[in-house]
Amino acid sequence: MVSGGDGDRYAAPVIEAEDDTPKEACGVFGVFAPGQPVSHLTYLGLYALQHRGQEAAGMAVSDGSTITVVKETGLVSNAFDDRTLAALTGHLAIGHTRYSTTGSSVWHNAQPVYRDVGAHTVALAHNGNLVNTDALADTVGMLPGTFSSDSDVMTELVAMELGRSPEESADHRALERAMLAMLPQLRGAFSIVAMDEGHVIGVRDPNGFRPLCLGRLPNGWVLASESPALDVVGAHFVREVDPGEMIIIDESGYRSVRAFEPELVDPKLCLFEFVYFARPDTRLYGQSVHQARVRMGEQLAEQAPVEADLVMGVPESGIPAAEGYALRSGIPFGQGLVKNRYIGRTFIAPNQEMRALGVRMKLNPLRDNIAGRRLIVVDDSIVRGTTTRAMVAMLREAGAAEVHMRISSPPYKWPCFYGMDTGTRGELLAADLSVDEIREYLDVDTLSYLALDRLLEATGAVGAGFCDACLTGTYPVDIPVALTERVVQLPPKTDSRFTPVATQFAEFLEVETTLPASDALRGTEADPS
């Protein structure tokens, strides 16, 4: 499978201590600011987006005639130092912080991706995941094994378009035209920043699966995945980039171009940006993400009340919803777990025993707050369940009298094809288990997930347009059957040598093979619990 936002195609999965949360794929940043140290601004912007990817970071900087690219594996602070930044002089730049959705991290896959085509150069960075990467690679003659990501293929497509006009155009808009020719070929999720020697371009796919916003500097402009990256560089938030919109920034300011036919534009922002991915100080659809998460907790308290002594959140993402639950229920809010903030995505656990120890490295109970008390434990989601189960065992060991689990999203049942790493459907705890079976597995006294309609209400943006495919199995962009076969594990009774893939997939989901792809992916009706 070609993984999201620049993941390694064939790497073996790595099991880490924090494997119970969905993983995002990358943050992007772009800046055009003559007279300002754009490399330092990009560094700060990437720091603000570090939560979106911790496995590689990079930037491309132009002085108007030459693009210089620096990228490295690891955190932003590992990739750049004062000496490196001082050498990156120019007035426009793009940057990227990466999470590899298959668990591997190699330098070759770090972004931005760079191409030099005659009189043209281009650098590109991408957040999201295409569903037609293999088909696109065929169109440009990239053989299997010669490309490592959808971002690589995108950049090759742009380079191919630039190569059709080897000389620099009089209006210096070659990159803009190449992007407009390339973008309609893409299917899936993509928020892109790209640049040549004199322009920064930002674009969102027509569904707007992944966020992108525009900010204003005193003498320049900024593009970023999330609004806190604007704040940290002193930029004023202007607006979110619309789904299907392309922003071109140069010395004359910025221009907006509609890159897709109007009938293709259908906003479907990933709902998990509100639930988990985005920083709490981000604004999406004009709403505060933090306040939305507090409202999720309030909705949980209304939907699933229970008598208890303490409401606690799982650090960090469960805390705002826990505050909301406590506020609405009147039960005191308190801390029950201490998070070691210096443990990153570094612990490789070869077996379940070591995985449990990895959870101990990251979380440790506050026994004085737990012993003898009835606890309401609030978290944002449960994906595989291993970390949650180990955490509950810690709370029991610390003396908790009761553990009532409350989740501020519905059961996570379906794999994501648009840039979120959740593994195969067979790895998703809620894919085949009822809520009560999950409760038994986790060893909690009660378990409740927030209903989808309540979650949507809590965002404060009902009707704005969300993708909830991971919760409902309804995919806004049709998924090629060849791709689903790799992600949705087929039962071993099926012999793929003799049974057509479409029939295998339909049998696994218990649907008619004559249904359209989008209906087949919907599968059986979601468990209302």
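**Close-up views of a predicted model**

**View 1. Helix H9 passes helix H10 in a right-handed crossing.** A crossing is right-handed if the near helix is turned clockwise from the far one by less than a right angle, and left-handed if anticlockwise. The model is predicted, so local features need pLDDT of at least 70 and side-chain atom pairs count only at pLDDT 80 or more, while totals for chains, interfaces and linings use all residues. Residues are numbered from 1 along each chain as its sequence is written, and side-chain values use heavy atoms, with hydrogens and water left out.

The axes of H9 (residues 289-303) and H10 (residues 319-329) come within 6 Å and cross at roughly 45 degrees. H9 is therefore oblique to H10 (angles under 35 degrees count as roughly parallel, over 145 as roughly antiparallel, 65 to 115 as roughly perpendicular and the rest as oblique). Axes are lines fitted to C-alpha atoms, for helices over the stretch in contact, and angles run from 0 to 180 degrees between N-to-C directions. Helices (H or I, at least four residues) and strands (E, at least two) are DSSP runs, numbered from the N terminus.

**View 2. Residues of H9 meet residues of H10.** Among them are Val 294, Gly 297 and Ala 301 in H9, and Ala 321, Gly 324 and Tyr 325 in H10; contact means heavy atoms within 4.5 Å. By class, this contact has seven nonpolar, four polar and five charged residues. Ala, Val, Leu, Ile, Met, Phe, Trp, Tyr, Cys and Pro count as nonpolar, Asp, Glu, Lys and Arg as charged, and the others, Gly among them, as polar.

**View 3. Six strands form an open antiparallel sheet.** The strand order is E5-E6-E7-E8-E12-E13. E5 (113-117) and E13 (253-258) stand at the edges with a single partner strand each, so one side of each has no neighbour in the sheet. From one strand to the next, the twist averages 20 degrees. E6 (residues 120-130) and E7 (residues 188-195) are joined by eight bridges; two strands pair if DSSP finds at least two bridges between them. Gly 128 stands opposite Phe 190 in E7. Helix H5 (residues 150-163) lies across E5, E6 and E7, at about 145 degrees to E6.

**View 4. Val 338 is found in strand E18 (residues 337-339).** Val 338 counts as partly exposed because its relative accessibility is 42% (buried means under 20% relative accessible area, exposed over 50%, partly exposed in between, with a 1.4 Å probe and protein chains only). Leu 363 is 25 residues from Val 338 in sequence and 5.6 Å away in space, C-alpha to C-alpha.
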